[in-house]
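Biologist: I would like to learn how to read a few local features from coordinates. Please take them one at a time, with the general idea before the case.

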Amino acid sequence: QVQLVESGGGSVQAGGSLRLSCAASGYTYSGYCMGWFRQAPGKEREGVAVSYIGGDSTYYADSVKGRFTISQDNAKNTLYLQMNSLKPEDTAMYYCAAAPWVVPRTRVPSPADFAYWGQGTQVTVSS
């Protein structure tokens, strides 16, 4: 049974930093594509960062490039999202996601590309 558990969310002021963690269990972690999505009230869920199978390639949404970094520790079956220079528009519920198949790298990742989801962790950035 695949399980993803996020942690690390919270409230920070603009310019601050947070590191989100996603502990994965129930499957062979290194064989999955892993990603972070976020959803603000009234908005669609959007891909923030994705680490493709093998960890040799990543995707970042334009809005977070240069500020967020996705990484993973395969020994700990844990995915991270380091978020620096946070802005009020980064406020959202952040979700960890896993896909046991190849996610296309030639387009923006979609929530439909991922099979498993965590419960989410709230990030609130105040101005």
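Modeller: A charge sits over a ring if NZ of Lys or CZ of Arg is within 6 Å of the ring centre and within 35 degrees of the ring normal. In this predicted model, Arg-45 lies over the face of Trp-117, at 4.8 Å from the ring centre. Arg-45 also lies over the face of Tyr-95, at 3.8 Å from the ring centre.

Biologist: What are the ground rules for these values?

Modeller: Residues are numbered from 1 along each chain as its sequence is written, and side-chain values use heavy atoms, with hydrogens and water left out. As the model is predicted, local features need pLDDT of at least 70 and side-chain atom pairs count only at pLDDT 80 or more, while totals for chains, interfaces and linings use all residues.

Biologist: How many aromatic pairs are found in the whole structure?

Modeller: Rings of Phe, Tyr and Trp (its six-membered ring) pair if their centres lie within 6.5 Å; planes under 30 degrees apart count as stacked, over 60 as edge-to-face and the rest as tilted. The search finds 6 such pairs. For Phe-37 and Trp-117 the centres are 5.1 Å apart and the planes at 65°, so this pair is edge-to-face. Phe-37 belongs to strand E4 (residues 33-39) and Trp-117 to strand E10 (residues 116-117), so the pair ties together parts 80 residues apart in sequence. Strands here are DSSP runs (E, at least two residues), numbered from the N terminus. Tyr-95 and Trp-117 are edge-to-face as well, at 6.5 Å centre to centre and 80° between the planes. Ring pairs link Phe-37, Tyr-95, Phe-114 and Trp-117 into a cluster.

Biologist: Is Phe-37 buried or exposed?

Modeller: Buried means under 20% relative accessible area, exposed over 50%, partly exposed in between (1.4 Å probe, protein chains only). Phe-37 is buried, at 0%. Tyr-95 is buried too, at 13%, whereas Trp-117 is partly exposed at 27%.

Biologist: Which residue in the hairpin of E7 and E8 takes a positive phi?

Modeller: Most residues other than glycine have a negative phi. Asn-77 is not a glycine, yet has a positive phi of about 50°. Asn-77 lies in the loop between E7 and E8, and there are 4 residues between the strands of that hairpin. Two strands pair if DSSP finds at least two bridges between them. E7 (residues 68-73) and E8 (residues 78-83) pair in the antiparallel sense over 6 bridges, with Ser-71 opposite Tyr-80.
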